[in-house]
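Colleague: Please take a close look at one part of this model, the place where one chain meets the other. I would like a connected account that says what holds that part together.

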2 protein chains.
Amino acid sequence: MSLSPVGAGMVAGAPHAGYANMVGPYGGVTAAQMLQAVWLQSDRLGEPLSLTVNFCAAVADAPFTIHAEAVVTNRSTQHWMVVMRQSDKVVSTATVVCAVRRPTWADDEVRAPDVPAPEQTPVSLWEIGRAFVDRYEWRVIEGGPAAQLGQTSDHSRTSLWLRDAPARAIDYASLTSMADGFFPRIYLRRGVPGVAGTMSMTVHFHASAQDLAEQGSDYVLARAQGQAFRNGYFDHHAHLWGRHGKLLATTSQVVYFKD
Amino acid sequence: MSLSPVGAGMVAGAPHAGYANMVGPYGGVTAAQMLQAVWLQSDRLGEPLSLTVNFCAAVADAPFTIHAEAVVTNRSTQHWMVVMRQSDKVVSTATVVCAVRRPTWADDEVRAPDVPAPEQTPVSLWEIGRAFVDRYEWRVIEGGPAAQLGQTSDHSRTSLWLRDAPARAIDYASLTSMADGFFPRIYLRRGVPGVAGTMSMTVHFHASAQDLAEQGSDYVLARAQGQAFRNGYFDHHAHLWGRHGKLLATTSQVVYFKD
């Protein structure tokens with residue numbers, strides 16, 4: 001991540017070559033950096049509850065700054081506006097809601113599917129020449145990208161076990177990055193990899209800091225499915241659970257595609 | 001809606017008594033006003049694609065201004081940051097993505113459930129003393145608020161037909177408002193109406209302007225379900241379809257609750 005404070009509400013960094021995608025860095029890492037810019041602020045209240053990141057322009061392989069401003073602080077919630085710039089040009093915007101968590105009645109209504117354990121799921125090797133792929137251990141249960149190449153499908157569901165490579169304890173930034181760990185759903189439907197890019201991504205965090213400590217470096221079960229594809233855009237909705245079915249986060253994103 | 005331009009990127013308005021909720025206006029109308037502030041700008045490109053609204057503070061029954069700034073304009077997409085203020089105090093923030101739509105391969109992957117037609121579904125009368133309720137015609141298919149009072153439930157799914165009252169042609173603002181047309185899911189799970197309030201709401205628009213013209217003043221089928229409830233917050237995910245199953249929008253929100 002390597003973000004350095006450079007003043008009140010301001011951090012500086014640069015894309016890491018290890019997380020490079022086809023054009024610019026993997027979007028999940030940009031999203032994680034936007035969240036982390038808030039996480040690092042001394043006046044942050046509580047823990048992340050919600051994040052929306054808008055990918056406004058391609059992030060160049062060059063230094064950036066992120067400005068995070070707490071626009072409203074209440075007793076137990078706090079609202080942030082976040083802007084990433086390169087050479088004074090806005091490349092990403094975000095809003096973050098932080099909140100103080102306190103114990104209440106609890107239930108995970110959307111249950112994790114019954115799937116084989118990560119140890120029973122073979123590692124998926126994707127040699128597509130994009131550096132960020134090697135920063136994760138992918139164990140695809142259904143709907144991998146290679147399985148569908150050349151054939152169309154009537155659904156775009158992917159389920160997989162995922163963790164950082166090398167394995168390391170999860171935090172809000174790495175959970176955010178994992179929430180973008182789904183190749184474009186249009187590939188599955190159409191059977192061909194085409195041009196596609198995330199426009200906007202939202203994450204709702206259910207995991208408390210204690211939930212993340214319990215998750216540690218264990219695998220995350222991630223499942224995504226497309227909702228509608230029309231007029232050059234689609235969206236998908238996804239869930240991320242811990243090994244024993246605790247819902248860590250939910251996430252949606254809207255994606256541009258060319259057909 | 002009654003928003004008046006008061007300068008470049010700025011509109012002024014006030015909450016409408018007809019959309020009052022328990023404290024302040026119904027959140028769906030605030031969300032609609034944030035979107036409409038962008039819609040009214042002369043330099044807007046294309047149509048709404050994505051909206052995230054953060055409810056930072058209670059909106060008072062007093063005038064407000066909304067400032068909408070196009071921070072990045074690309075060839076076919078545009079990114080907006082939007083802030084609502086009352087007496088210089090921020091009460092709501094939003095980001096909006098607009099996009100030029102063009103015909104592509106299309107499919108609605110999340111299909112509308114098989115439910116009775118609106119004409120076969122009785123009108124639900126909710127006499128809870130909140131003005132906004134009367135601004136809609138609600139025809140609940142399953143999971144109405146009254147049905148569950150006094151008894152807990154193992155799920156929080158609501159399906160209903162919804163339209164403006166009196167009926168009028170839908171637009172992006174009214175679709176946005178309908179996307180908030182679900183009472184807190186925690187009521188269904190716990191069987192008691194308690195304190196709850198939306199923190200952040202995201203809408204992905206699948207409907208083009210032409211899709212909305214075809215929808216006209218017909219009923220919208222809306223279905224929502226909670227995902228996880230923990231530590232004083234829950235989120236739900238929802239879909240809004242036209243009568244014949246065209247997905248008009250998807251939406252998620254994270255909600256504060258007291259138990």
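Modeller: Two strands are taken as paired if DSSP finds at least two bridges between them, and strands (E, at least two residues) and helices (H or I, at least four) are DSSP runs numbered from the N terminus. The model is predicted, so local features need pLDDT of at least 70 and side-chain atom pairs count only at pLDDT 80 or more, while totals for chains, interfaces and linings use all residues. Residues are numbered from 1 along each chain as its sequence is written, chains are lettered from A and ligands numbered from 1 in the order in which they are written, and side-chain values use heavy atoms, with hydrogens and water left out.

On the side of chain B, the residues B:Trp105, B:Glu109 and B:Arg230 supply 16% of what the chain buries against chain A, more than any other three residues.

Polar contacts, which are pairs of N or O atoms within 3.5 Å where, within protein, one must be able to donate a hydrogen and the other to accept it, and where residues adjacent in sequence count only if both atoms are side-chain atoms, link 49 residue pairs between chain B and chain A, both residues being at pLDDT 80 or more.

Eight salt bridges run between chain B and chain A, each being a side-chain nitrogen of Lys or Arg within 4 Å of a carboxyl oxygen of Asp or Glu. One of them joins A:Glu109 to B:Arg189, at 3.0 Å from N to O; because A:Glu109 lies in the loop between strands E7 (107-108) and E8 (136-142) of chain A and B:Arg189 in helix H3 (residues 185-190) of chain B, the pair joins two chains. A:Glu109 and B:Arg189 are both buried, where buried means under 20% relative accessible area, exposed over 50% and partly exposed in between (1.4 Å probe, protein chains only).

Another salt bridge between the chains pairs B:Asp211 with A:Arg230, their closest N and O atoms being 2.8 Å apart. B:Asp211, which is buried at 7% relative accessible area, also forms a salt bridge with B:Lys246, at 2.9 Å between the closest N and O atoms. Since B:Lys246 lies in the loop between strands E12 (233-241) and E13 of chain B, and B:Asp211 in helix H4 (residues 209-215) of chain B, this pair ties together parts that are 35 residues apart in sequence. B:Lys246 itself is partly exposed, at 33% relative accessibility.

Technical notes
Buried area is the accessible area (1.4 Å probe) that two parts lose on being put together, summed over both.
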